[in-house]
Amino acid sequence: MELRNKVALVTGGAVRLGRALTLALVAEGARVIIHYGRSSSAAGELLAEITARGAEAIALQADLQQPDAVRALIERAATHFGPPELLINNAAIFEPGNWDDTTEENWERHFAINLKAPFFLSQAFAKQLPPGRRGHIINIADWRGERPGTDHVAYTLTKAGIIALTKSLALALAPDIQVNAIAPGLILPPPGREQSYLDSKAAHIPAQRTGSPEEIARAMLFLLHSDFVTGEVLHVTGGEQL
Ligand SMILES: NC(=O)c1ccc[n+]([C@@H]2O[C@H](COP(=O)([O-])OP(=O)(O)OC[C@H]3O[C@@H](n4cnc5c(N)ncnc54)[C@H](OP(=O)(O)O)[C@@H]3O)[C@@H](O)[C@H]2O)c1
């Protein structure tokens with residue numbers, strides 16, 4: 001798909017990986033709706049940076065834990081540049097929890113933000129796309145969704161769910177909407193951790209280095225430019241999942 005003037009919604013698009021995805025879409029000429037939760041100043045700064053380049057974007061706040069806010073987001077997004085044609089489900093939380101100390105609150109928050117919100121955003125996105133118009137959904141997953149360990153249980157299960165959701169929606173929404181996932185590896189340290197934390201883990205993976213947000217953005221562009229890839233999970237991990 002040619003991305004110039006396409007309308008894209010990036011959830012969690014103001015910071016970290018989401019910011020790189022937003023900037024990559026802007027560089028391709030897409031008009032981006034930057035969704036954010038709490039990062040209002042980062043969203044404002046990114047918006048200023050984009051508009052200073054002469055590109056079009058807007059920022060919309062929504063708490064993805066709130067079902068009403070999720071339901072309304074696609075409709076709100078469509079009022080600015082018309083119906084979104086690209087949905088990038090990037091926003092997620094990543095909080096610790098093993099089998100014996102995961103609380104119901106931890107479980108429910110992960111499932112609401114990481115899995116329920118992407119599902120209902122995808123549903124609303126598909127329903128509002130005019131008949132015959134092509135679209136793409138990209139879900140940002142995690143390789144751990146396919147090879148669960150014993151830590152971050154609720155998080156990992158939501159990422160397993162988003163991989164299953166990617167394949168289910170790829171079937172349901174074909175041929176007009178392609179649905180793919182990207183499974184990142186060691187890209188950015190979790191909030192509160194130093195880069196050295198990731199570097200020590202990276203020493204043990206095949207690529208022997210961490211990845212960058214721009215490598216995730218390039219994977220996203222590959223999937224968006226393809227008209228024939230759907231239901232795929234693209235690992236950008238330096239081989240970590242092997
Ligand atoms: N970092 C990595 O190395 C890595 C590795 C594997 C997979 N991933 C996946 O890649 C994606 C991005 O990762 P990241 O590290 O950039 O994530 P992050 O820094 O934790 O950012 C998550 C984003 O989600 C948004 N968000 C969280 N809770 C929200 C809520 N209740 N309502 C609205 N927005 C909410 C945040 O928005 P606000 O800041 O505006 O609140 C933020 O933009 C995630 O899906 C993650 O699971 C990342």
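Predicted model: local features only at pLDDT ≥ 70, side-chain atom pairs only at ≥ 80, totals over all residues.
Q: What makes the contact of α1 with α7, and how do its residues divide by class?
A: From α1 come Leu17, Ala20, Leu21, Ala24 and Leu25, while α7 supplies Pro213, Glu214, Ile216, Ala217, Met220, Leu221 and Leu224. By class there are eleven nonpolar residues, no polar ones and one charged residue. Glu counts as charged, and Glu214 belongs to this contact.

Q: Why are α1 and α2 described as roughly parallel?
A: The angle between α1 and helix α2 (residues 40-52) is about 15°. The cut-off for roughly parallel is an angle under 35 degrees, so α1 and α2 are roughly parallel to each other. Their axes lie 11 Å apart, and α1 passes α2 in a right-handed crossing.

Q: Which residues of α1 and α2 meet, and what classes do they represent?
A: Arg19, Thr22, Leu23 and Val26 in α1 meet Leu46, Glu49 and Ile50 in α2. This contact of α1 with α2 has four nonpolar, one polar and two charged residues.

Q: What makes the span of α4 close to the expected value?
A: Helix α4 (residues 104-128) has 25 residues, for which 36 Å is expected at 1.5 Å a residue. The distance from the first C-alpha of α4 to the last is 34 Å, close to that expectation.

Q: How do α3 and α4 cross, and which residues make the contact?
A: The axes of helix α3 (residues 67-81) and α4 come within 9 Å and cross at roughly 35°, in a right-handed crossing. Pro67, Val70, Leu73, Ile74 and Ala78 of α3 contact Lys116, Ala117, Phe120, Leu121, Ala124, Phe125 and Gln128 of α4. These residues divide into ten nonpolar, one polar and one charged.

Q: How do you know that the bond joining alanine 174 and proline 175 is cis, and where is proline 175 found?
A: Omega is about 0° for this peptide bond, which is cis. Most peptide bonds are trans. Proline 175 is found in the loop between α5 (153-173) and β6 (177-184).

Definitions and conventions:
Residues numbered from 1 in each chain as written. Heavy atoms only, no water. Contact = heavy atoms within 4.5 Å. Helix = DSSP H or I, 4+ residues; strand = E, 2+ residues; numbered from the N terminus. Expected span 1.5 Å × (residues − 1). Axes fitted to C-alpha atoms, helices over the stretch in contact; angles between N-to-C directions. Left-handed = near helix turned anticlockwise from the far one by under 90°. Parallel < 35°, antiparallel > 145°, perpendicular 65-115°, else oblique.
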